[in-house]
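Student: I'm new to this one, so please walk me through it. Expect me to keep asking what each term rests on!

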Amino acid sequence: MKLIEANNIAAIKQKFNIDRQLQSCHTGIVGKYFLEGHIPAEDIKRLLREKPDIKGLTVPGMPMGSPGMEGDYSDPYHVLSVDADNNVRIYASH
Ligand SMILES: [Cu+2]
């Protein structure tokens, strides 16, 4: 996976027109997709396997229990897909 320099993150969020409420702390790009926030590897693998017609995936905020956010407890959270018209759908639930 190609990781994006921190000073480019705002530009990437702009480029993909990611809604403020869908944003998180990390933005990455894999292929033609943006990846926003703490997205489990299994969902990224599925994305690359199925290649859906979306702009990218996001986990808004920083839910406990998501990758890199392991702790004493886990919050349930959704991975959301965002399409070209900024329609948001649940891609996966954890
Ligand atoms: Cu984070």
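Student: Leaving aside its neighbours within four places in sequence, which residues is aspartate 83 in contact with?

Tutor: Asp53, Ile54, Lys55 and Arg89. Contact means that heavy atoms lie within 4.5 Å. Keep in mind that this is a predicted model, where local features need pLDDT of at least 70, side-chain atom pairs count only at pLDDT 80 or more, and totals for chains, interfaces and linings use all residues. Residues are numbered from 1 along each chain as its sequence is written, and side-chain values use heavy atoms, with hydrogens and water left out.

Student: Where is aspartate 83 placed?

Tutor: It's in the loop between strand E4 (78-82) and E5. Helices (H or I, at least four residues) and strands (E, at least two) are DSSP runs, numbered from the N terminus.

Student: Why does aspartate 83 count as buried?

Tutor: Buried means under 20% relative accessible area, exposed means over 50%, and partly exposed is in between (1.4 Å probe, protein chains only). Aspartate 83 has 12% relative accessibility, so it counts as buried.

Student: What makes the meeting of arginine 89 and aspartate 83 a salt bridge?

Tutor: The term asks for a side-chain nitrogen of Lys or Arg within 4 Å of a carboxyl oxygen of Asp or Glu. For the side chains of arginine 89 and aspartate 83, N to O is 3.6 Å, so the pair qualifies.

Student: How many salt bridges are there in the whole structure?

Tutor: A search finds 2. Another pair that meets this way is glutamate 50 and arginine 46, at 3.2 Å from N to O. These two are 4 residues apart in helix H2, so about one helical turn separates them. Glutamate 50 has a relative accessible area of 45% and is therefore partly exposed; arginine 46, with 26%, is partly exposed as well.

Student: What does the side chain of aspartate 83 reach at 2.9 Å?

Tutor: The backbone nitrogen of aspartate 85. A polar contact is a pair of N or O atoms within 3.5 Å; within protein, one must be able to donate a hydrogen and the other to accept it, and residues adjacent in sequence count only if both atoms are side-chain atoms. Aspartate 85 lies in the loop between E4 and E5. With a relative accessible area of 63%, aspartate 85 is exposed.

Student: What about serine 66: buried or exposed?

Tutor: Buried, because its relative accessibility is 0%. Serine 66 is found in the loop between E3 and E4, and its side chain reaches the backbone oxygen of proline 63 at 2.7 Å. Not counting residues up to four places away in sequence, serine 66 touches His38 and Tyr77.

Student: Which protein atoms are the donors of the copper ion?

Tutor: Cys25 (SG), His38 (NE2) and Met62 (SD), lying 1.9 to 2.7 Å from the ion.

Student: Why can cysteine 25 and methionine 62 be said to tie parts together?

Tutor: Cysteine 25 sits in the loop between helix H1 (9-15) and strand E1 (27-30), and methionine 62 in the loop between strand E3 (56-58) and E4, so the pair links parts that are 37 residues apart in sequence. Cysteine 25 is partly exposed at 32% relative accessible area, and so is methionine 62 at 42%.

Student: What is in the largest nonpolar core?

Tutor: It has 13 residues, and Leu35, Ile39, Leu47, Leu57, Val79 and Tyr91 are those with the most contacts inside it. Strand E2 (33-36), helix H2 (41-50) and strand E5 (88-93) each supply at least two residues of this core. A nonpolar core is a set of buried Ala, Val, Leu, Ile, Met, Phe, Trp, Tyr and Cys residues joined through side-chain atoms within 4.5 Å. A second, separate core has 8 residues, including Ile12 and Leu80.

Student: How do you know that the radius of gyration agrees with a compact globule?

Tutor: The radius is taken over C-alpha atoms, and the globule rule is 2.2 Å times the number of residues to the power 0.38. With 94 residues, a compact globule would come out near 12 Å; the protein has 12 Å, so the two agree.

Notes
Donors are N, O and S atoms within 2.8 Å of the metal (3.2 Å for Na, K and Ca); water is not among the atoms, so sites may look incomplete.
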